[in-house]
Amino acid sequence: MTDDEDPALLIEQVASAHRPHSQTELRYHPAWHDLGAPDRIRAFDLARSLRRLEAALDPENLSTTARAVLARMGTG
Amino acid sequence: MDLDVHLPAILAGDTTAFARWLAGAEPSVRDSLRSFAAVIDVEAVLQEALLRVWQVAPRFEPDGRPNGLLRFGVRIARNLAISEVRRMRATLSDPSTLEVAVEPTPPDPLLRAAITDCRDKLPPKPREALDARLTSAGAYDDDALATELGMRLNTFLQNITRARQLLADCLRKRGIHISDELAT
């Protein structure tokens, strides 16, 4: 297994708030497709915990998910 | 805690009020999608659903019960998730877990102070990686953030892992347990 296929590193990427932008369709994180069901659930649980940390470190209590949504509204 | 205190301003198009609503509502909407996590990209669905809440909020009619917009947001997210399940031709393994509690998350000043203090104690490289994720707020992928910091992608991701593990360890020493996922 190469580093690029390491499930732990794929989970770390999927747990971020970055998602490719599109005006017309929902875009998944490319690494999500490389994960099996158990690792997708691990990525979800990790993202949930990370967002709590991020919100605590943000002056307005906003996670990177919330910031990404505000950016898409044109206010981020 | 009733997030509908922000509703009049949100209906008037106040994005700052919507940001305050988002801060309290996001965890509940995310949690409502956990049973879909094995078959759809919840983060993508969640962001789209929260954006749609803002877009349709002017037509929202409160039912008089607390947290009406939050319950509305959960419905939007769940309906979008179900559409995604159909589009992906997937099946949910345990439909019985679809019902979840809807409860806003209030700010916790003590937790906030502890996390900030622990973040300030991180070694330089893990802190750089974590700060890059926070500053980017989802705008750039990890590859771009790694390049900006002069790191390989895998090194950047290992620094993110190290940062959250160190934060979890620092918090644990203060008697604070956020989740098992942060420490592993």
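Asn67(B) is buried, with a relative accessible area of 8%. This residue has a phi near 55°, a positive value in a residue other than glycine. The model is predicted, and the predictor gives the complex an ipTM of 0.94 and a pTM of 0.93. For chain B the mean pLDDT is 92, with 95% of its residues at 70 or more. The points below cover backbone angles, aromatic rings, charges over rings, the disulfide and the domains.

- Asn67(B) is placed in the loop between helix H3 (42-56) and helix H4 (68-87) of chain B.
- In chain A, Asn61(A) is not a glycine, yet its phi is positive at about 65°.
- Asn61(A) belongs to the loop that runs between helix H2 (37-57) and helix H3 (64-72) of chain A.
- The relative accessibility of Asn61(A) is 18%, so this residue counts as buried, the limit being under 20%.

**Aromatic pairs**

- Over all chains, the count of aromatic pairs comes to 4.
- One of them joins Tyr28(A) and Trp32(A) in an edge-to-face arrangement, with 5.0 Å from centre to centre and 85° between the planes.
- Both Tyr28(A) and Trp32(A) are buried.
- In chain B, the ring centres of Phe18(B) and Trp21(B) are 5.3 Å apart; because their planes meet at 20°, and under 30 degrees counts as stacked, this pair is stacked.
- Phe18(B) and Trp21(B) both belong to helix H2 (residues 15-31) of chain B, and because they are 3 residues apart there, about one helical turn separates them.
- Phe18(B) has a relative accessible area of 0% and is therefore buried.
- Trp21(B) likewise has a relative accessible area of 0% and is buried.
- A single aromatic cluster is formed by Phe18(B), Trp21(B) and Trp54(B).

**Charges over rings**

- The ring of Trp32(A), which is also part of the edge-to-face pair with Tyr28(A), has the charged end of Arg40(A) over it, 3.6 Å from the ring centre.
- The face of Tyr28(A) has a residue of chain B over it: Arg87(B), at 5.9 Å from the ring centre.

**The disulfide**

- Over all chains the structure holds 1 disulfide.
- This disulfide joins Cys118(B) to Cys170(B), with an S to S distance of 2.0 Å.
- The link of Cys118(B) and Cys170(B) is left-handed, with -80° about the S-S bond.
- The pair connects distant parts of the chain, 52 residues apart: Cys118(B) is in helix H5 (residues 109-120) of chain B, and Cys170(B) is in helix H8 (residues 153-173) of chain B.
- Cys118(B) has a relative accessible area of 2% and is buried.
- Cys170(B), at 15% relative accessibility, also counts as buried, because the limit is under 20%.

**Domains of chain B**

- Chain B is divided into two parts, domain 1 (3-101) and domain 2 (109-183).
- Taken over C-alpha atoms, the centres of domain 1 of chain B and domain 2 of chain B are separated by 27 Å.

Key:
Residues are numbered from 1 along each chain as its sequence is written. Chains are lettered from A and ligands numbered from 1 in the order in which they are written. This is a predicted model: local features need pLDDT of at least 70, side-chain atom pairs count only at pLDDT 80 or more; totals for chains, interfaces and linings use all residues. Side-chain values use heavy atoms; hydrogens and water are left out. Rings of Phe, Tyr and Trp (its six-membered ring) pair if their centres lie within 6.5 Å; planes under 30 degrees apart count as stacked, over 60 as edge-to-face and the rest as tilted. Buried means under 20% relative accessible area, exposed over 50%, partly exposed in between (1.4 Å probe, protein chains only). Helices (H or I, at least four residues) and strands (E, at least two) are DSSP runs, numbered from the N terminus. A charge sits over a ring if NZ of Lys or CZ of Arg is within 6 Å of the ring centre and within 35 degrees of the ring normal. pLDDT is the predictor's confidence in each residue, from 0 to 100. Domain bounds come from an automatic or database domain assignment. A disulfide is a pair of cysteine sulfur atoms within 2.5 Å.
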